[in-house]
Amino acid sequence: MTDFPRSLIEFQQRFGDEAACAQYLAAVRWPGGFVCPGCSAGKAWQLETKAWTYECASCGRQTSVTAGTIMHHSKLPLTAWFWAAYLMATHSNGISALQLQRQLGFGSYKTAWLLCAKLRCSMLAPGRSPLAGLVELDETEIACRSKNDPVTGGGGRSHQGKMLVVGAVEVEDGGLGPGRIRLSQVADYSAASLHAFLAANLASGATAKTDGWSAYPGAAGITHDPHVVGKMAAHIVLPWVHRIFSNLKVWALGVYHGLRRKHLQSYLDEFVFRFNRRRTRHAAFRSLLGIAAAQPPRPYKMLISPEAAI
């Protein structure tokens, strides 16, 4: 399935009703035909009494196209899910829950926020390939937004009121451009925190170009290439990762008016998803729905308390 809508008119023509959305979702979830999640059998009948539900010919289990996915037990129509996925994936700067509520006419902000939060969980592709080759790495701080107050933070190098983030950027074309990126929230800039990030996001044999921070050396399978900044501006030595940090902060303030600590990683995942698909923005819609179809259900309590998922 290589085609995808490139405009709002094409999208409306292709996904104008529930049937079209359900057929597309079934094809994304079972590209080789239906597979029973209970017994793995491949033969089933589509029920006439339940919308978009299949009954396994072997074990009799009934499975809807949304069962066991991020859309599990949702009361929203599939057209709302598809519109939200399309807007979130293709909008150049992203879209906030308040904007989505207005665009799709939802009755409450909570509905729009929950939909955005579930789709944001689907922006982290399982089994994604790690960064390879020459990779720029550095750390940054983002001012923390409290519940009822604007963005705050201590001055200078103080960590008070700030969230710590480490970033990595593949360097392409001999340094002429950035490739894929990774961003992660960390508790501190210790060797334990940074080595865990390197192990999760860099391929064995990659070269980590850093500013010489003492916590980076010693990571298994990674070649460390330190460039001590000294009095030189850090963005001169590590231009691409600092450009990413700058874009991230402008995006966070412009679209979401600041980020909160509890949900920071999900917003970092959205920024990474969007940046890594910047050249194929409309194909990102297909990727988002494909990941969503493979994601387990995320209840509201799990989304408002991410630590509950650990």
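Modeller: Let's start with a crossing: helix 8 and helix 9 cross in a right-handed way. Right-handed means the near helix is turned clockwise from the far one by less than a right angle, and left-handed means anticlockwise. Helices here are DSSP runs of H or I with at least four residues, numbered from the N terminus.

Colleague: Before we go on, what kind of model is this?

Modeller: It's a predicted model, where local features need pLDDT of at least 70 and side-chain atom pairs count only at pLDDT 80 or more, while totals for chains, interfaces and linings use all residues. Residues are numbered from 1 along each chain as its sequence is written, and side-chain values use heavy atoms, leaving out hydrogens and water.

Colleague: Okay, at what angle do helix 8 and helix 9 pack?

Modeller: Axes are lines fitted to C-alpha atoms over the stretch in contact, and angles run from 0 to 180 degrees between N-to-C directions. Helix 8 (residues 239-256) and helix 9 (residues 264-276) pack at about 115 degrees, with axes 11 Å apart. That makes helix 8 roughly perpendicular to helix 9 (65 to 115 degrees; under 35 is roughly parallel, over 145 roughly antiparallel, the rest oblique).

Colleague: Which residues make the contact?

Modeller: Contact means heavy atoms within 4.5 Å. Helix 8 brings I244, N247, L248, W251 and Y256, and helix 9 brings Y267, L268, E270, F271, R274 and F275. By class, the contact of helix 8 with helix 9 has eight nonpolar, one polar and two charged residues.

Colleague: And how do helix 3 and helix 10 cross?

Modeller: The axes of helix 3 (residues 78-90) and helix 10 (residues 283-294) come within 8 Å and cross at roughly 130 degrees. Helix 3 and helix 10 are therefore oblique to each other, and their crossing is right-handed. F82, A85, Y86 and A89 of helix 3 meet A284, F285, L288 and L289 of helix 10. That contact has eight nonpolar, no polar and no charged residues.

Colleague: How many disulfides does the structure hold?

Modeller: A disulfide is a covalent bond between the sulfur atoms of two cysteines. We look for a pair of cysteine sulfur atoms within 2.5 Å, and the structure holds zero disulfides. Take C116: its closest cysteine sulfur, in C121, is 11 Å away, too far for a bond.

Colleague: Is C116 buried or exposed?

Modeller: Buried means under 20% relative accessible area, exposed over 50%, and partly exposed in between (1.4 Å probe, protein chains only). C116 is at 1% relative accessibility, so it counts as buried. C121, at 16%, counts as buried too. For contrast, A199 sits in helix 6 (residues 191-201), and A199 is exposed at 66%.

Conventions. Helices (H or I, at least four residues) and strands (E, at least two) are DSSP runs, numbered from the N terminus. Ala, Val, Leu, Ile, Met, Phe, Trp, Tyr, Cys and Pro count as nonpolar, Asp, Glu, Lys and Arg as charged, and the others, Gly among them, as polar.
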